[in-house]
Amino acid sequence: MLSSGAKAAKPSFVSYVSPEEIQIKEPIEKEVNPRLLPGELLLCEASTVYKYIHEDGSNRGTCGKLVCTNFKIAFLDDDSASDDNEPQLKNKIIGENDITLQCVDQIYGVYDEKKKLLTGQLRKYPEKLIIYCKDLRVFNFCLRFTKEEEVKRIVSGIIHHSQTPKLLKRLFLFSYASAAPNNTDERNQTVMFDTLEDWRNELERTKGNVQYKVVTTNEGYRISEKLPLYFVVPICVSEETILKYEGRGIPIWCWSCHNGAALLKMSAFPKEQDDSTAQMQKAFLDGIYKTISKPPYELLKTDDLSSSLPSLQDIQTAYTRYKQLFLIDNSADFWATDVKWFSLLESTNWLEIIRRVLKKAIEVVECLERQHTNVLLIEESATDLCCVISSLVQVMMDSYSRTKSGFQSLIQKEWVIGGHGFLDRCNHLHQSDKEEAPVFLLLLDCVWQLVQQYPAAFEFTETYLTVLSDSLYVPIFSTFFFNSQHQKDTNTTGESLETQSGPFRFLTVWDWSVQFDPKAQAFLNNPLYAEKPKPDKSQRKTARFKHQRQLSCPLTQTKSSPKRGFFREETDHLIKNILGKRIGKFINSSDEPPNSFREFYDSWHSKPVDYHGLLLPRIDGPEIRVWAQRYLRWIPEVQLHGGGTIATAARILDLMEEVERLQVKMDEEHSQAVSGNIHAVPMLRNSARLSSLFPFALIHRQSVKPALPTSTWKDLEDEDDLVKRDDEFVDLSSDMLKCIY
């Protein structure tokens, strides 16, 4: 109980009794109002709400106000966070306690200590509210001290606005576009591929303009609403051929290799057809294949991704199981699952799907690079797995796609303009759960595997990929909120909301200044990027572009480097024996690569890496890792104090800063230009306060780990005996973190 002489209640508290035993005498006096964006409206609110800090079992939390707008759910306390406690990667749009409505995954209510999924109309309102977010955050709110009418309004409002189906134009995207001034740089050095000139420039850049052409047949969307206005096809394909089946069965160009081989994609014909129609379509396809297999085109290999890769349903099922490992309510739940974490991880099948996708991309690379063969990817709509494979192939083979602007242009070309159904796959409108599938997250996870294996080859960082994944759920950018270019164009024209008339002017996510200030944007750029050296003028006259690209596959013979397994060299021998035997099934995949693939794969990995040439990821079992920054950043128990990749980066940046200071002293003429980049990431200097969760959070209070019985430590002394024991008897949490990071 609170003593009578205690001071007035403050928003932050530490309770050593259950919340039910606390009596609130006075409401919070200070009025806290949300900061609203243009077009954002306050819909409902509730006072005297407690937000729990769930690192441990104690009832620690903050008292404040819970509000719901047409853009977000926000928790407001009357004691704003100090600069010392704010995350360094501060988002100007989304606060630390803000959840956009599209980011809400599931909402649970707690009734008499029992969790229940909340949907639709409620007869009884919960005492506690738990919100699971798509970016893996978990919010716990206590409503016991909130007025009953406010509880009804806030709970009903949150469920209605975040979970019930809605119309497209009810998204906050349109409210913001009609109310906010548009004074940003829309292009931002990213090629948007919405003009004829963009496609012609890309053809010229890749030397594909000899065999392929940009067509304007779909202007006004007279062929198909699923195809973009402009796209590239083989020169031999006529306009009549494109019109015949509304674009289906037409090979669409994605990218050309240095040797003339090209990557193509095609939307397949429906499988359930009557015999006469099927025969006509088969004859049509045979004609297409023969045409693009003749000179000047290379041989053609077709690959039906629907039969060679997991289905979208399998991908969704695997990801649903996978993300449950990281949606942790409290410390007790974390430590309960920690002892069998590797078994749970393997059972999700998510990492195996990543491995299979990367393997498929390498197979395509082999055909293009080694066999000089055109590859035609086939899928029902050519807008899901085709986008994944074509993007990965270009990241592996084209160093331009590993720059920040190049990668963003790639996403625009293959995904946004290519017609990936972001609206349905992310289920932004909550209209059909059957259409939901994390296809774009699958791509980002695959790219992250490459980034963490070859960091110097990428101009952007893993933080960039993490922030990009978060931007999927920020409805002020149009990039990830339409199914096709046609859908965006038809909803852009016409009258806006009541405030103005005329077309909407949507923002693009590629203008990072909307979300982050320059200091925060520094975390998106890789300071260790091995920038491609510019050739001398004398060399430029004699060097041939084709020859430079042929060197993408290293030719220098060197001694084969030893295979890198799941464990770093400094990892303890005991843990190697324990975990190495336990995850043997996870390491050895059922589908072994064919001999030609293995020869190409092993040959490349036996030679030095050219960061501006071909990159092949290591895909043997445990080489595929957990994207720790994205999935573990909200779990304080897994942070490494003063450790992780950020600790290494901090020290390297210190050295780079010192080198630049010396450069200033040596060359006073360029001191101003050089000093402009010296303090790109000044917050890293205070490395004592960093953890592996940085830059999304600073040092968190560490939770108390349950004590291990003495018998368990005795068991650790016997390696062979411990290997045979079941997972639930082994606590390897700290060593697990070493493996992940």
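Reply: A salt bridge here is a side-chain nitrogen of Lys or Arg within 4 Å of a carboxyl oxygen of Asp or Glu. Keep in mind that this is a predicted model.

Me: How many salt bridges does the structure hold?
Reply: The 4 Å cut-off decides which pairs count. By that rule, the number of salt bridges is 27.

Me: Which residue forms a salt bridge with Glu113?
Reply: The closest N and O atoms of the pair are 4.0 Å apart. Glu113 sits in the loop between β6 (104-111) and β7 (114-117), and its partner is in strand β8 (residues 128-133), so the bridge ties together parts 15 residues apart in sequence. The partner of Glu113 is Lys128.

Me: Is Lys128 buried or exposed?
Reply: Buried means under 20% relative accessible area, and exposed means over 50%. Glu113, at 58%, is exposed. Lys128 has a relative accessible area of 18%, so Lys128 is buried.

Me: How many residues apart are Glu127 and Arg144?
Reply: The side chains of Glu127 and Arg144 meet in a salt bridge, 3.0 Å from N to O. Glu127 lies in the loop between β7 and β8, and Arg144 in the loop between β9 (138-142) and α1 (148-163). The pair links distant parts of the chain, and the separation is 17 residues.

Me: What is the relative accessibility of Arg144?
Reply: Glu127 is partly exposed, with a relative accessible area of 25%. Arg144 counts as partly exposed too. Its value is 38%.

Me: Which strand holds Asp303, the partner of Lys360?
Reply: Lys360 and Asp303 form a salt bridge, with the closest N and O atoms 2.9 Å apart. Lys360 is in helix α10 (residues 350-369), 57 residues away from Asp303 in the chain. Asp303 is in strand β14 (residues 300-304).

Me: Are Lys360 and Asp303 buried or exposed?
Reply: The limit for buried is under 20%. Lys360 has a relative accessible area of 9%. Asp303 has 10%. Lys360 is therefore buried, and Asp303 also counts as buried.

Me: Which residues are linked with Glu202 in a network of salt bridges?
Reply: Glu202 belongs to a network of salt bridges. The residues linked with Glu202 are Arg205, Lys265, Asp398, Lys413 and Glu414.

Conventions
Residues numbered from 1 in each chain as written. Predicted model: local features only at pLDDT ≥ 70, side-chain atom pairs only at ≥ 80, totals over all residues. Heavy atoms only, no water. Helix = DSSP H or I, 4+ residues; strand = E, 2+ residues; numbered from the N terminus. Buried < 20%, exposed > 50% of the residue type's maximum accessible area, 1.4 Å probe, protein only.
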